[in-house]
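Let's take a friendly walk through a protein model, one link at a time.

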Amino acid sequence: MSRSPLTLLLVLGLLGGCAGKLAVETDASPVRAKVGDDVVLKCQFSVARPPVDLSQLVVQWFHRGGQLVEFDTVVSGSRPGANLSVEGLRRGNAALYLSQVTPESAGNYRCYVTYAPDVRIKQVVLHVEDPSKPPAEEPEAVAPQACAPDPDPLVLKKLDQVLSILQQISRKLGAAGAGAGGDA
């Protein structure tokens with residue numbers, strides 16, 4: 001059964017799950033590819049207390065608002081040609097493997113890494129060049145001038161604030177539970 005990062009955070013955080021620090025890094029954007037290429041979008045993570053406990057880990061990749069692939073004890077995906085490596089996850093490698101990219105593959109990709117109770121979100125931009133089209137016709141060539149600024153940093157900041165509040169609540173509940181257990 002699939003769990004959202006927030007659900008996993010609440011459940012494992014309240015039950016006293018692993019409370020390690022989580023760091024996540026992605027490729028510098030944009031990553032460039034040509035139509036038909038196989039692409040790897042880097043998403044490396046590290047935990048404060050290795051080795052990685054896969055039972056505490058959830059990794060999700062999203063593109064254009066839709067989930068591509070998820071690891072939550074097993075790898076599952078909704079897009080053919082998108083995959084994660086379980087062996088890679090054991091080593092802190094949550095890279096997204098995309099096979100035979102198309103022009104529709106271009107855009108923002110988000111990597112959500114949850115290692116209870118910590119959640120990190122990183123973004124990578126993929127540009128896909130179509131050699132059959134002149135460069136002037138490429139959508140990427142006009143997108144920076146035609147698009148409004150991306151509001152994602154504000155959303156991510158708010159999400160970090162919500163997660164911080166949830167972690168505070170989790171700690172208080174854990175302390176209250178420990179105090180109640182000691183009185184018995």
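A salt bridge is a side-chain nitrogen of Lys or Arg within 4 Å of a carboxyl oxygen of Asp or Glu. Keep in mind that the model you see is predicted. By this rule, the count comes to 1 salt bridge. Its partners are Arg90 and Glu87, whose closest N and O atoms are 2.6 Å apart. You can find both residues in helix α2 (residues 86-90), where they sit 3 residues apart, about one turn of the helix. How exposed are they? Arg90 is partly exposed, with a relative accessible area of 43%, and Glu87 is partly exposed too, at 48%.

Now turn to the nonpolar core. The largest one has 32 residues, and those with the most contacts inside it are Phe45, Leu57 and Trp61. Strand β10 (residues 107-115) gives the most to this core, with 4 residues.

Searching the whole structure turns up 1 disulfide. Cys43 and Cys111 form this disulfide, with their sulfur atoms 2.2 Å apart. Cys43 lies in strand β4 (residues 43-47) and Cys111 in strand β10, so the pair ties together parts that are 68 residues apart in sequence. The torsion about their S-S bond is about -80°, so the disulfide is left-handed. Are these two cysteines buried or exposed? Both Cys43 and Cys111 are buried.

Notes:
Residues are numbered from 1 along each chain as its sequence is written. This is a predicted model: local features need pLDDT of at least 70, side-chain atom pairs count only at pLDDT 80 or more; totals for chains, interfaces and linings use all residues. Side-chain values use heavy atoms; hydrogens and water are left out. Helices (H or I, at least four residues) and strands (E, at least two) are DSSP runs, numbered from the N terminus. Buried means under 20% relative accessible area, exposed over 50%, partly exposed in between (1.4 Å probe, protein chains only). A nonpolar core is a set of buried Ala, Val, Leu, Ile, Met, Phe, Trp, Tyr and Cys residues joined through side-chain atoms within 4.5 Å. A disulfide is a pair of cysteine sulfur atoms within 2.5 Å.
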